[in-house]
Amino acid sequence: MGLFSALKDIFGDPTPKTTNSQPGQGPIVNLQRPEGLALGVGVSSGVLHGMGHPQGLITNQFVWLANDDACQNIVVFGGIGAGKTTRVINPLLFQLLGYNDVGGLIFDIKGDFCESVDAVAKWQRREYVKIGVGPGCVGINLLKGLTPEQAAGFLQSTFYLTGGATQESFWVQSAVALIQNTLGLLEALGDKYYNLEKLYQYIFYEDVRKAIDMMIDDEVHYEDGTLEARNLANYKGYYSSVFLQMDIKMRESIKATLSTILSPFQNPELIDAFSGTNDDENYNLLNILSGSVVLVDLPLAKWATAGKVVYTMIKLRFFNLLQERQMDKTKPQNFVFFMCDEYQNIISASKDGLSDLSFWDKSRSAHCVGIISTQSISAFKSAIGNPTLSDTILANFRQKIFFKTEDSETLRYINSLAGRVEVTRQSYSRTSGANQQPGHFFGSTNNSSTYNTQIVERQLIDPNFMRQLAGNLALCFLNVEGSSADDVLIFRPLYPNDIKSFLGQ
């Protein structure tokens, strides 16, 4: 039956049980399953406790992350093939889909996670919605429901995501201002025009812009002095008094900045998927709050910049939705989850407006279980471009799991978490000598031995320790019921084509 014996019993029966473990270990004590949302993580090995780590767990304890502990967010590190998906992501997904009232948003940015989601959903008898391009996918208008200010702020995050730290602030801010004022005009014509397709066409095609301006003049009639009329006048004024008065080279530079994120949405497939105006065919993210599960399937290897824009917009809309329900208690308050592998590819750390930098520190109160993975600390910092911002975001993922790695930045980060331990170091010395008196046949011999004991400090974890972690082992720094719970945990893999083995069947 193996180390986890019967996971189906652990996840389904709250009665404490004792089962046999692997040779050389004591029995596994499957502690009572907590009430509410409870995610089983793994079994403690007691390795750190044996090394003198004060927060190390004793051997053979089944570790749960329940309710608020799960909402302190989980980040998984590990190199290619280290086991992040099969040992952590898949088992957590299996458990989350077992709660029918828990909705979730799943990103498949590599294009290889669909198989796991489909297999687990079928096993748990859960329906899910797929957003993307192609058969079986539904669409979503990325701008519907957002104010021009919100939409412009969300798109601002994509500039830094697609251009990294090289984007100059002036051009980004100018591009954002152009987006906001253009959307303000398009909003007056309703959902048919309030989308990324028309946003691009209005800015880059003069004939489209003139036609839309004529439609606004003919069809939009606000009473003088109303807020709508004043806003529309401001949006019109931006074009006539600001943008069109700029030097032609400056206007073209601003448009070139915009082109990087908007031009892909002239692709007919992307127009149909993400600029749709048919409410009957579009998905409403609000359903996630009531238990709907959504998989966004848009592999970056194929869709590149367009994929990053879509993931960023949906992610920020999801964040905004959770923040709004904190203020509006009439909306469902169920637990929800967010799950993404290789998260460094779509992370946004803008200081202006909503981003990963401003959301994850509040996700606990929003009842959101964040689960992300990345290859290394180096990959994380490289994507963000600012070590301080990287550390700030990582600090909001309190549940940290490290699989085998050789990355030096990750090793330094691990040691900053683990600290140092005191160890006893003994030394031994022996001296001997002979004394021969003149004129005497016999002499004397002297021997002495010295034992020294010292208490010294050393790093708890060294590179060799991390390199020797077997596939089912990971170094974990967790927070459970307000206390630190650190250890090398033992995981059981879940393969989508062999769920029965995961359950010990």
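In this predicted model, 11 strands come together in an open sheet with mixed pairing, and reading across it gives the order 4-3-15-14-11-5-10-9-6-8-7. The two edges belong to strand 4 (62-66) and strand 7 (129-132), each of which pairs on one side only. From one strand to the next, the twist averages 20°.

As for its partners, strand 6 runs parallel to strand 8 (residues 293-297), and five bridges join the two. Strand 6 also pairs with strand 9 (residues 336-340), again in the parallel sense and over five bridges. Phe-107 takes part on both sides: Val-296 is its bridge partner in strand 8, and Cys-340 stands opposite it in strand 9.

Phe-107 turns up again in the largest nonpolar core, which has 105 residues; along with Phe-274, Ile-314 and Phe-338, Phe-107 touches the most other members. Helix 12 (residues 300-327) supplies the largest share of this core, 13 residues. Another core, of 51 residues, lies apart from it and includes Leu-39, Val-43, Met-339 and Cys-476.

Phe-402 stands opposite Leu-475 of strand 14. Lying across strand 11 and strand 14 is helix 16 (residues 408-418), which runs at about 130° to strand 11.

The helices have a pairing worth a look too. Helix 7 (residues 196-204) packs with helix 8 (residues 206-219) at an angle of about 105°, and their axes are 5 Å apart. That angle makes helix 7 roughly perpendicular to helix 8. On the helix 7 side, the contact is made by Gln-201, Tyr-202 and Phe-204, and on the helix 8 side by Glu-206, Val-208, Arg-209, Ile-212 and Asp-213. Sorted by class, this contact of helix 7 with helix 8 holds four nonpolar, one polar and three charged residues.

Terms used
Residues numbered from 1 in each chain as written. Predicted model: local features only at pLDDT ≥ 70, side-chain atom pairs only at ≥ 80, totals over all residues. Heavy atoms only, no water. Axes fitted to C-alpha atoms, helices over the stretch in contact; angles between N-to-C directions. Helix = DSSP H or I, 4+ residues; strand = E, 2+ residues; numbered from the N terminus. Parallel < 35°, antiparallel > 145°, perpendicular 65-115°, else oblique. Contact = heavy atoms within 4.5 Å. Nonpolar A, V, L, I, M, F, W, Y, C, P; charged D, E, K, R; others polar. Pairing = 2+ DSSP bridges. Core = buried A, V, L, I, M, F, W, Y, C linked by side-chain atoms within 4.5 Å. Buried < 20%, exposed > 50% of the residue type's maximum accessible area, 1.4 Å probe, protein only.
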